[in-house]
Amino acid sequence: MKSKVISWLLNVDDDKIIRRTTFWNLVTSVMNASYSAVLMFLIGHLVGMDDVGVFSIASAYAYQCLVVGAFGVRNIHASDVTNEFSFSDYLYLRMVSGLAMYLLLLYYTFFQGYDLNKIAIILLFGLFKSIEAIEDLFHGEYHRYNRLDIGSILQASRFIITLLSFAIILILTRDLVVSLSVSTLLSFLVCIMQNKMMIPHFVQEHLTINKENLRSLFLVCLPVCLSNYISTYIVNLPKYAIDEIFGDEMQSVYGILVLPVVTINMLSVVIYRPMINGLSRDYYDCQYPVFFKKIAKQIIVIVILTLLVIIGGYLIGLKLLGMIYGISLEIYMISFIIMLIGGGLNTVAAFLNVILTVQRAQNKLLIGYFVTALFGILASHQLILQFGLIGTALLYAGLSLCMCLLFMLFIYVSYKQKVRADQDE
């Protein structure tokens with residue numbers, strides 16, 4: 001059975017690889033985008049809306065920690081088409097970043113003054129999401145060799161197994177802590193078994209520590225990690241402010257309203273993640289018209305997707321969310337539309353982040369996020385205290401717009417710098 005699965009995954013022609021990559025990347029992206037929504041639905045109906053608010057802030061901390069575990073390596077790894085760094089280099093860097101991830105999770109869990117139930121949920125969901133950082137190491141290696149389809153198939157199967165186990169246990173026990181505990185353990189075991197089976201077919205090297213390579217890779221990825229950490233902090237800033245000012249009830253409402261926003265972000269990955277290799281080659285082969293044409297087309301796709309979500313949200317989306325979660329949301333329409341606009345802007349910013357990574361302009365990313373975060377810290381409490389949930393939505397949209405404008409400027413500056421460097425050679 002095991003050999004048949006391996007053969008099915010590996011032995012395909014190039015045309016089929018492209019088709020499988022497109023299909024399974026779509027599947028995993030849709031599942032990733034809807035994962036939190038499904039979990040919140042189950043928690044809201046089986047446990048209660050108060051725990052939806054707790055889960056919402058737990059997810060914010062979990063994603064904040066996951067950024068540290070991922071350490072900005074994936075796009076570097078996938079675009080490393082010249083094998084500048086070995087799998088060992090990526091592995092040992094991930095071990096260091098993983099340790100930092102778990103230490104940060106412990107800080108968020110135990111040093112915020114939460115009650116025992118909230119502590120348990122934050123810790124367990126952080127562990128639950130941390131498995132993605134482990135998985136991402138192996139999937140990055142498959143991606144480097146243009147086999148994103150394999151990582152997508154393995155991730156989709158893990159998602160399904162984990163979600164089903166969570167749902168079944170929650171239905172039987174009505175206990176969120178027990179459900180998260182069991183599904184986290186199962187998810188970890190599935191991840192290890194899957195990649196232990198596949199990685200030997202891509203990596204034959206002995207795992208050795210090259211201190212110079214590790215140092216170089218760390219310095220390459222550090223600005224990306226810091227940028228992604230600040231970026232995630234910016235996205236979660238409204239949640240942190242709500243948690244501090246209003247508490248779990250308002251957190252539940254915000255968590256529900258922001259779900260379609262997350263969907264826009266997640267679904268966009270379907271299109272631009274498979275583009276990373278091609279964009280890298282275009283840029284370093286000096287095919288600048290092709291490079292910028294691809295960027296423009298992707299931004300247009302994001303804008304169209306955002307407009308469709310806004311129209312759907314206005315016509316039926318808010319009513320549907322209210323029906324699904326059993327709560328009246330019509331009074332939040334203005335906040336909802338502003339958040340959807342902000343979601344589209346944030347998705348554009350996330351894509352421009354990828355472009356700057358391809359350009360190896362990580363330091364500029366860090367500047368952009370730092371400026372945006374500073375603006376958010378200065379404005380967040382005043383906006384939310386004065387305008388409530390509308391202020392939260394305005395904060396989210398304003399921060400997203402700020403990132404977009406700064407990143408567009410930095411991409412142009414980096415392009416001009418490379419042109420000048422090419423001319424000097």
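This is a predicted model: local features need pLDDT of at least 70, side-chain atom pairs count only at pLDDT 80 or more; totals for chains, interfaces and linings use all residues.

At what angle do α7 and helix α8 pack, and how far apart are their axes? Please start there and then show me the surroundings.

Reply: Helix α8 covers residues 176–198, and α7 packs with it at an angle of about 155°, the two axes lying 9 Å apart. An angle over 145 degrees counts as roughly antiparallel, so α7 is roughly antiparallel to α8. As for handedness, the crossing of α7 and α8 is right-handed. If you sort the residues of this contact by class, you get 14 nonpolar, nine polar and one charged.

Have a look at its backbone: asparagine 146 has a positive phi of about 60°, even though it isn't a glycine. Most residues other than glycine have a negative phi. Asparagine 146 counts as exposed, because its relative accessibility is 52% and the cut-off for exposed is over 50%.

Asparagine 83 is in the loop between α4 (73–78) and α5 (87–110). Asparagine 83 isn't a glycine either, yet has a positive phi of about 55°. With a relative accessibility of 39%, asparagine 83 counts as partly exposed.

Helix α13 (residues 288–325) and helix α14 (residues 333–358) have axes that come within 9 Å and cross at roughly 160°. That makes α13 and α14 roughly antiparallel. Their crossing is right-handed. To find the contact on your screen, pick out residues on each side: α13 brings in, among them, Phe291, Ile295, Ile302, Val309, Tyr314 and Leu321, while α14 brings in residues including Met333, Phe336, Leu340, Gly344, Phe351 and Val358. By class, the contact of α13 with α14 has 19 nonpolar, five polar and no charged residues.

Methionine 49 belongs to helix α3 (residues 49–70), and its contacts beyond the neighbours within four places in sequence are Gly44, Ser252, Ile256 and Tyr325. Methionine 49 is partly exposed, with a relative accessible area of 24%.

Finally, here's the whole protein around these parts. The protein has 16 helices and zero strands. Its radius of gyration is 21 Å, close to the 22 Å that the globule rule gives for 425 residues, so the protein is as compact as a globular protein of that length. Along the principal axes, the C-alpha atoms fill a box of roughly 60 × 50 × 40 Å. Buried residues make up 56% of the 425. Among contacts with a separation of 6 or more, 84% come from residues 24 or more positions apart.

Definitions and conventions. Residues are numbered from 1 along each chain as its sequence is written. Side-chain values use heavy atoms; hydrogens and water are left out. Helices (H or I, at least four residues) and strands (E, at least two) are DSSP runs, numbered from the N terminus. Buried means under 20% relative accessible area, exposed over 50%, partly exposed in between (1.4 Å probe, protein chains only). Contact means heavy atoms within 4.5 Å. Axes are lines fitted to C-alpha atoms, for helices over the stretch in contact, and angles run from 0 to 180 degrees between N-to-C directions. Angles under 35 degrees count as roughly parallel, over 145 as roughly antiparallel, 65 to 115 as roughly perpendicular and the rest as oblique. A crossing is left-handed if the near helix is turned anticlockwise from the far one by less than a right angle, and right-handed if clockwise. Ala, Val, Leu, Ile, Met, Phe, Trp, Tyr, Cys and Pro count as nonpolar, Asp, Glu, Lys and Arg as charged, and the others, Gly among them, as polar. The radius of gyration is taken over C-alpha atoms; the globule rule is 2.2 Å times the number of residues to the power 0.38.
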